[in-house]
Amino acid sequence: MPKKPWTSARIREQFLNYFVQHGHKLVPSSSLVPHNDPTVFLTTAGMQQMVPYFLGLETPPAIRMTSSQKCFRTVDIDEVGDSRHNTFFEMLGNFSVGDYFKEGAITYAWDLLTKVYGLDPERLYPSVYPTDDEAIRLWQEIAGLPRERITPLQDNWWDRGPTVPGPAGPDSEIYYDRGEKYGCGKETCGPGCDDCDRYLEIWNLVFMQYNQDGKGGREPLANPNIDTGMGLERLTLVLQNKDTVFETDLFMPIITRFAQIAGVKYGTNPQSDTSLRVIADHGRSLVFLAGDGVLPSNEGRGYIFRRVLRRAVRHGKLLGLDRPFLGEAADTVIELMAGQYPELRDHRDRIVDVLTLEERKFGQTLAAGLHLLGEKLSELERTGQTELAGEDAFTLYDTHGFPLELTLEVAQEHGMTVDQAGFKVAAERQRQLSKQKTTLAAEREDELWKHMKATLPPTTFTGYPTTQGQSHVVGLVAEGQPQEMLAAPQTALAPLEPTEAPLMAVVLAETPFYAESGGQVGDHGVLTSPTGTFQVLDTQRPVSGLIVHLGQMTEGYLKVGSALTAQVDETRRDATRRNHSATHLLHRALKDMLGESVVQQGSLVEPNRLRFDFNHPRPLTDDQLAGIDAAVNGWIRSNLSVATKLTPLDEARQSGAMALFGEKYPDPVRVVTMGRSKELCGGTHVAATGQIGVYVTTQEVSTAAGIRRIEALTGQAAETYLMSRKRLVDDLASHLQTHPDQVATRVAQLEADLTAARQELAAMRRVGMSAEADRLAQTATRVRGHSVVAASVTELDVEALREMSDRIRERLGQAVVLLASATAEGGTTFIVTVSPDLTRHGLHAGKLAQRVAERLGGKGGGRPESAQGGSRSAADLAAVVADFPQVIDALLG
């Protein structure tokens, strides 16, 4: 009876079952987004979820555990595509919290590898920390290995970083000898060799026996722990006897799918094989990241997502893929992995949407960047230069998001280089400028307000029921320093650069002014005392406990201790609270329309508008937006009462009140209720929803992958907006000579007429180009049995030249075509195309374009079948065209 094959699913199952049978509790994989671990952006190892247990901070569900953990690392991202490196991988692990130690870990590992998986003991090589004599002895006793088979390596030490407090200890890695054909041939080759793939590390046993203080000190743990990790991908490579992890059943279905999309075959071309491996790895990684809720952004784990996706898209471009393809292959990854990770199937739509939207967005970046880069390269060609300045490459990257790797690739296609050293200089200069400005301002303000908090009593906020109150000054700031008195010429914070209106700061014992918080902007108003008037232009809370009024003295002076009247700009406050209450109603309407999974991702509440960000993978339809407006306005007309209540935080959460993820709330917390909307909120609100007046959505856009933004108006601002739209429609109707109700119909009719006219013009142009192509085809010269067409045509752009060239080759079959056109500026632009069969005879369009460009005094280059170029002068154009057949004859000869 044949042996049962080692599929990756069976390998994973055997590992977990083995340890369950040996008293371990099977725990599920944690998310790729670490829980309560700010030291890393993503989960990088199976032990990460075990750290609280190892540190004694939490009680483990069992003292023996096993898992298959989703992991993500980018430290080797540039190596992905070789035989063994991946970004996403599964780590099979067994863990002991104060139970068995080195002897148990080594016994389990050797038994599982040799008896369950059936690996040849003669091909297994453990390594140890040089001074770990106990581990050396145990390997000799348990596995019967001679001392020379156990390799001491200085790298066999594990900690979370030498300056990070926590558990640490020596480790023992198990290497598998794949055979001489994978070796480097050196006498020193052995476990830990960096020059070849012969000895493959498959399992790491970490003996956590110390607690280090992060300052160089280290003490033995009372109860040492075991943490082991074995990469499923590498173990599968060994058991399936494959050359690379990408040929195992974990990757081949993914590679096959991407190869189908790209129209290539894996195993026929080393360059395309590398790109397929990179795309397979990155595509799989991105599916898991999106499945765990990671969204692309410009920082943190979102930046990692974006970097990996853009690298995949770049390799897709190398395969000729100019359209979104990652979302198209996501189902292959999901079906392959959902047996172990069913959440992938549950979140399938979100995964596909996030990948497709981000890839499409990068496609737009790519198109814009290619256009700008093309202009730069054309300018260099006209001036006879061959290197793109590092500053220009950095501007493309910094301003337009165009990756340096792509700039290098495109420049190479044009026969040019990029000043990479200059790019690094520009990037470092920008980083230092930004860091310096931010650091100076932040450090200065932090020190100031920490000092003020330490010396002043906390400010009491009185502004929920009123916009006016009596108070007295407890603190003043000008010119970056605490002051006893303020007068008009002084400045609040010594600015880094001169400003026209420097601000001062006033701190009161109590105030009705609302400080910016929770998306609601700070109040404006005036502080009036018998000695002077202070205009409040903003209200902030730079440190907890202090409310700071920022503004200018408009009359007289203020002193610490001055009694005054604090008056909030009531009209501005009323408009702001109308918008704030409207955001609560909008949040409720979105949940009703799109589902309870919709969560607020940010907001801005100003007097003149509101902005609300929420998670949703696709744009809202016109009908959905209309439904949301109708729901909000319905609640406004119902004039629902708005109730506020201070409630213990736990009780508020249990009552179903909505809380923002990551937001810190006081205890007790303020709960705001209006109808079915109930949220934790410290902002100011209307007394009843009828005071909002009217609500209108003005815009719905994307701010990031999976994040949508609604902008809206309420009250008088909404009325003004609606009246301006009415006037606009009336004006359009007048210009179009139709009734306002018929404007859309009339515009559609005009668009149809314009489309028809454009189609007619295009048809006429095609007829003209077709006739010209026929004429030029008839002028073809036969060179060594092949058709060659070389001609100068009336002013046409590159796309028109390319289209005409395609038509000529359609008529002639196999041909070489040079078409050139003089430009309005007195230069030339040209293309060279070579039929695929002729490239095997040594004809290369890119090299031909270089020859043509050299004769014209310009630049040219491109791919074997299609290339282009140009020059600043057309003086030698006729001669170059006439000599082209002789050039082909010489090359074919």
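This is a predicted model: local features need pLDDT of at least 70, side-chain atom pairs count only at pLDDT 80 or more; totals for chains, interfaces and linings use all residues.

Visitor: Why is the pair Phe-394 and Phe-423 called edge-to-face?

Guide: Rings of Phe, Tyr and Trp (its six-membered ring) pair if their centres lie within 6.5 Å; planes under 30 degrees apart are stacked, over 60 edge-to-face, and the rest tilted. Here the centres are 5.8 Å apart and the planes stand at 75°, so edge-to-face it is. The structure holds 22 aromatic pairs.

Visitor: What makes this pair a link between distant parts of the chain?

Guide: Phe-394 is in helix H12 (residues 390-400) and Phe-423 in helix H14 (residues 420-455), 29 residues apart. Helices (H or I, at least four residues) and strands (E, at least two) are DSSP runs, numbered from the N terminus.

Visitor: How do you know whether Phe-394 is buried or exposed?

Guide: Buried means under 20% relative accessible area, exposed over 50%, and partly exposed in between (1.4 Å probe, protein chains only). Phe-394 has 8%, so it is buried. With 10%, Phe-423 is buried too.

Visitor: Why is strand S4 described as largely enclosed?

Guide: S4 covers residues 124-128, and five of the five are buried, so the rest of the structure largely encloses it. Leu-124, Pro-126 and Val-128 are on one side, Tyr-125 and Ser-127 on the other. In a regular strand, side chains alternate between the two faces of the sheet.

Visitor: What makes S4 and strand S7 a pair?

Guide: Two strands pair if DSSP finds at least two bridges between them. S4 and S7 (residues 166-177) have four, in the antiparallel sense, and Pro-126 has Ile-174 as its bridge partner. S4 also pairs with strand S5 (residues 151-152), in the parallel sense, over two bridges; Ser-127 stands opposite Thr-151 there.

Visitor: How do you know where the charged end of Arg-149 sits?

Guide: A charge sits over a ring if NZ of Lys or CZ of Arg is within 6 Å of the ring centre and within 35 degrees of the ring normal. The charged end of Arg-149 sits over the ring of Tyr-125, 4.6 Å from its centre. For Arg-670 over Tyr-464, that distance is 3.6 Å.

Terms used: Residues are numbered from 1 along each chain as its sequence is written. Side-chain values use heavy atoms; hydrogens and water are left out.
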